[in-house]
Amino acid sequence: MTTELLPNFFAGRWQTGTGAGIPLFDPVLGTELVRVSIAGVDLAEGFAFAREQGGQALRAMTYAQRAAMLGKIVEVLQAHRDEYYAISTANSGTTTRDSGVDIDGGIYTLGYFAKQGAALGEAKCLLDGQRIRMAKDPAYQTQHIQVPTEGVALFINAFNFPSWGLWEKAAPALLAGVPVIVKPATATAWLTQRMVKDVVDAGVVPAGALSVICGSSAGLMDQLQPFDVVSFTGSAETGRIIRSHPAVSERSVRCNIEADSINSALLAPHATEGSEAFNLLVTEVVREMTQKSGQKCTAIRRIFVPRAVYDAAAAAIAAKLCKTSVGNPRNESVRMGALVSSEQKAAVLAGLAQLKTEADVLFDGNTAALVDAADTSACVAPVLLGHRQPEQAQVLHSVEVFGPVATLMPYDSTEQALAMIRRGEGSLVCSVYSEDPAFTAQVSLQLAAWHGRVHAISPDVAALHSGHGNVMPMSLHGGPGRAGGGEELGGLRALNFYHRRAAIQGSSQALDLLAAQGVTLPL
Ligand code: NAP
């Protein structure tokens, strides 16, 4: 039986692609759920519609009005949460708790920008810094301002966060006054499509402000024009294709890349077995390996501990991992669901085999039976690897396995640990577990050069912290080098990507009138 072909919302109307479409599956049961297609859809028409109709309507609003619009989107999404959870369970194979990270994480991020944006008031532009004199006479000065870019924001998203991945980008784009076209990853496109459908049907955004196209990515980048922006999240390989596309290399389309990352966790050198820092690291490693089956770009992949506690850390992590029941997320006893597809299962098993050419297996949950799931499902249990001489390893510092897999590594000095962390060549996040604020401050300074975020955990924040892998809207998300070099979120800093900066040189009188229409970002 052929399943429903999901329509795309493009050029201000619902359009169903032609042909049979691409099927989306339940990764646990293997059943087909829906299909997607953009075949026959006029891409040029949809991009022009968003750019012209959507862009004009959004720019006619003030920041406060657009913030209020985000608040209305939150209300629409809240009203349909149960349906989103059902889609997530079926299409992503995740437990209710893991679906919440994506669904409620996305709604929370929208709510954050609705609140922060309201404080920008009736302004039409952002004032960037102070006026600077350009002559002895103060009558002639320069003021930098930022105005919304007059193009579309194209989002090409990854499969692991169909909700959060949309809203963490759309919230700042819409608040900035820039229309959004989202192309979700095909494997999990259903949730993104449904959320956009609910928002569009509720009539809370102007025509052309929010569009969704599901299916092939062919030809999308060709549509981009000089004032458009593209924000990509996915593999380093596809990131390279985006970055080298003529839209970016020749037409200067602004491009943000969030790619893969070999994130680290570092236990401080004096931490002993059973100390608070030790226990905090163990808890966080287990959470990062199992939440969303390790399919988080921010998940801990390498764990650095002092050599004296290597065996104790291996035993403590394994003792917790063996309590993780894996299988069908519809069964209440299951703590960890599936990977999103059989293709991802094959990729994770291939990556694991590569890591095993260098590492020892310290724990393998795959020896236990799956709960309510067949061996043919996309379920993979957690695997903890280890290497006693990690400086000699190559693959362990360079291959990202996008699943419930991490490698424990001992170190002999802080310098040696930092040198190994640096071999990730730029990561999204590194967490530090220490009871010594001086150590935390010192290593944070060094880690900041190679990471977008340092998550520094000590006993006084044990009950407060937001988690190594959780991306919070007030903190920067992105990382240098291999992580893609992108920057997202970071509070209202996120608006920068969707604005163009210009220096206005002129008389103070004109600058006074200009300033009356602007607001300085409260960063
Ligand atoms: P992917 O294969 O690179 O796909 C990402 C997106 O790019 C999908 O929407 C995909 O569409 C699209 N795409 C594929 N080929 C394209 C092309 N030639 N031109 C334009 N678009 C193209 O990545 P993935 O497998 O979905 O995601 C997993 C990876 O993403 C992991 O490596 C992970 O580390 C990374 N990730 C990074 C972050 C971050 O914030 N840094 C967050 C999440 C994930 P189709 O699905 O239709 O092929």
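Trainee: Is Ser264 buried or exposed?

Mentor: The general idea is a relative accessible area, where buried means under 20%, exposed over 50% and partly exposed in between, computed with a 1.4 Å probe and protein chains only. Ser264 has a relative accessible area of 0%, so Ser264 is buried. Keep in mind that this is a predicted model, in which local features need pLDDT of at least 70 and side-chain atom pairs count only at pLDDT 80 or more, while totals for chains, interfaces and linings use all residues. Residues are numbered from 1 along each chain as its sequence is written, and side-chain values use heavy atoms, with hydrogens and water left out.

Trainee: In which strand does Ser264 lie, and how are the residues of that strand oriented?

Mentor: Strands here are DSSP runs of E with at least two residues, and helices are runs of H or I with at least four, both numbered from the N terminus. Ser264 lies in strand β13, which covers residues 263–267. From β13, Asn263, Ala265 and Leu267 point one way and Ser264 and Leu266 the other way. Five of the five residues of β13 are buried, so the strand is largely enclosed by the rest of the structure.

Trainee: How many bridges join β13 to β14, and in what sense do the two strands run?

Mentor: Two strands pair if DSSP finds at least two bridges between them. There are four bridges between β13 and β14, and the two run parallel; within this pairing, Leu266 stands opposite Phe304 in β14. Strand β8 (residues 153–156) also pairs in the parallel sense, over four bridges, with strand β9 (residues 180–183), and the bridge partner of Ala153 in β9 is Val180.

Trainee: What should I look for in the loops?

Mentor: Ser293, in the loop between α9 (276–290) and β14 (300–306), has a positive phi of about 50° although it is not a glycine, and at 2% relative accessibility it counts as buried. Ala11, in the loop between β2 (8–10) and β3 (13–15), likewise is not a glycine and has a positive phi, of about 55°; its relative accessible area of 8% makes it buried. As for distance, Ile213, in the loop between β10 (210–212) and β11, is 207 residues from Leu6 in sequence, while their C-alpha atoms are 9.6 Å apart in space.

Trainee: Which residues come nearest to the ligand?

Mentor: A residue is near a molecule if one of its heavy atoms lies within 4 Å of it. There are 26 residues around the ligand, and Asn157, Thr186, Ser235, Thr238 and Glu400 come nearest. A polar side-chain atom of Thr238 lies 2.6 Å from a ligand oxygen atom, one of His477 lies 2.8 Å from a ligand oxygen atom, and a backbone N or O atom of Gly234 lies 3.3 Å from an oxygen atom of the ligand. Taken alone the ligand exposes 900 Å², of which the protein buries 81%, with areas from the Shrake-Rupley method using a 1.4 Å probe.

Trainee: Which element gives the largest share of the shell around the ligand?

Mentor: That is α7, with three residues. The shell divides into 12 nonpolar, 10 polar and four charged residues, where Ala, Val, Leu, Ile, Met, Phe, Trp, Tyr, Cys and Pro count as nonpolar, Asp, Glu, Lys and Arg as charged, and the others, Gly among them, as polar.

Trainee: How many disulfides does a search of the whole structure find?

Mentor: A disulfide is a covalent bond between the sulfur atoms of two cysteines, and the criterion is a pair of cysteine sulfur atoms within 2.5 Å. The search finds zero. For Cys379, the nearest cysteine sulfur, that of Cys322, is 18 Å away, and for Cys430 the nearest, that of Cys297, is 15 Å away. Cys430 is buried, with a relative accessible area of 0%.

Note on methods:
A polar contact is a pair of N or O atoms within 3.5 Å; within protein, one must be able to donate a hydrogen and the other to accept it, and residues adjacent in sequence count only if both atoms are side-chain atoms.
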